[in-house]
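Let's take a friendly walk through a protein structure together. Keep the sequence and the 3D view side by side as you read.

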Amino acid sequence: MPWIVRVRKKFQAAHYLTDYPKEGENEPLHGHTWMVECHFRVKELNKAGIGVDFVEVERFLDEILPDYRCLNDIFNFSPSAENVARYLYGVIKERFPQLVKVVVWETESGGAEYSEE
Ligand SMILES: [Zn+2]
């Protein structure tokens with residue numbers, strides 16, 4: 001397993017956690033600059049020396065990341081970093097089977113990663 005290729009992308013989105021701080025209550029609506037980092041396990045390179053093309057991944061992320069949206073309008077789950085990471089993992093894995101991990105940073109100090117490992 002010689003390479004892990006990483007691609008990061010930021011997006012702006014608002015959210016609030018449901019059932020937080022306690023069941024039946026919602027966190028106030030607020031926004032973040034979210035950061036998504038995708039990790040791809042690469043065993044072979046093409047003739048150009050590329051395992052996963054950053055440009056292709058970035059284009060795909062531009063299509064699927066919910067930029068300037070309220071995550072609660074899109075998802076039917078409480079949009080925590082953990083849940084968003086699990087959701088994005090599923091979507092990105094379908095397009096890029098080499099994906100092994102998605103990390104979602106909600107702030108510079110708080111994030112969650114989702115992988116099958
Ligand atoms: Zn938040």
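Two strands are said to pair if DSSP finds at least two bridges between them. Helices (H or I, at least four residues) and strands (E, at least two) are DSSP runs, numbered from the N terminus. With these terms in hand, Ala13 stands opposite Arg69 in S3.

A word on the source: this is a predicted model, in which local features need pLDDT of at least 70, side-chain atom pairs count only at pLDDT 80 or more, and totals for chains, interfaces and linings use all residues. Residues are numbered from 1 along each chain as its sequence is written.

**The overall plan**

The protein chain contains three helices and five strands. Read from the N terminus, its elements follow the order β-β-α-β-α-α-β-β. Its C-alpha atoms fill a box of roughly 55 × 30 × 25 Å along the principal axes.

The table lists the pairs.

| Strand pair | Sense | Bridges |
|---|---|---|
| S1 (residues 3-15) and S2 (residues 30-42) | antiparallel | 13 bridges |
| S1 and S3 (residues 69-70) | parallel | two bridges |
| S2 and S4 | antiparallel | six bridges |
| S4 and S5 (residues 111-115) | antiparallel | five bridges |

Now look again at Ala13: besides standing opposite Arg69 in S3, Ala13 has His32 as its bridge partner in S2. Further across the sheet, Phe40 stands opposite Leu99 in S4, and Trp105 stands opposite Gly111 in S5. A hairpin of five residues links S4 to S5. As a general point, side chains in a regular strand alternate between the two faces of the sheet.

**Helices on the sheet**

Six bridges hold the place where S2 meets S4 in the sheet. Two residues are in contact if their C-beta atoms, placed from the backbone, lie within 7 Å.

**Inside and outside**

A residue is buried if 20 or more other C-beta atoms lie within 10 Å of its own, exposed if 12 or fewer, and partly exposed in between. Buried residues account for 20% of the 117 residues in the protein chain. A nonpolar core is a set of buried Ala, Val, Leu, Ile, Met, Phe, Trp, Tyr and Cys residues joined through C-beta atoms within 7 Å.

The largest nonpolar core has 20 residues, and those with the most contacts inside it include Val36, Leu88 and Val104. S1, S2, H1 (54-64), H3 and S4 (99-105) each supply at least two residues of this core. H3 gives the largest share, six residues. Leaving out residues up to four places away in sequence, Val36 touches Arg8, Lys9, Leu61, Leu65, Leu88, Val102 and Val104.

Why does Phe77 count as partly exposed? Phe77 counts as such because it has 13 C-beta neighbours inside 10 Å. Phe77 lies in the loop between H2 (71-74) and H3 (81-95).
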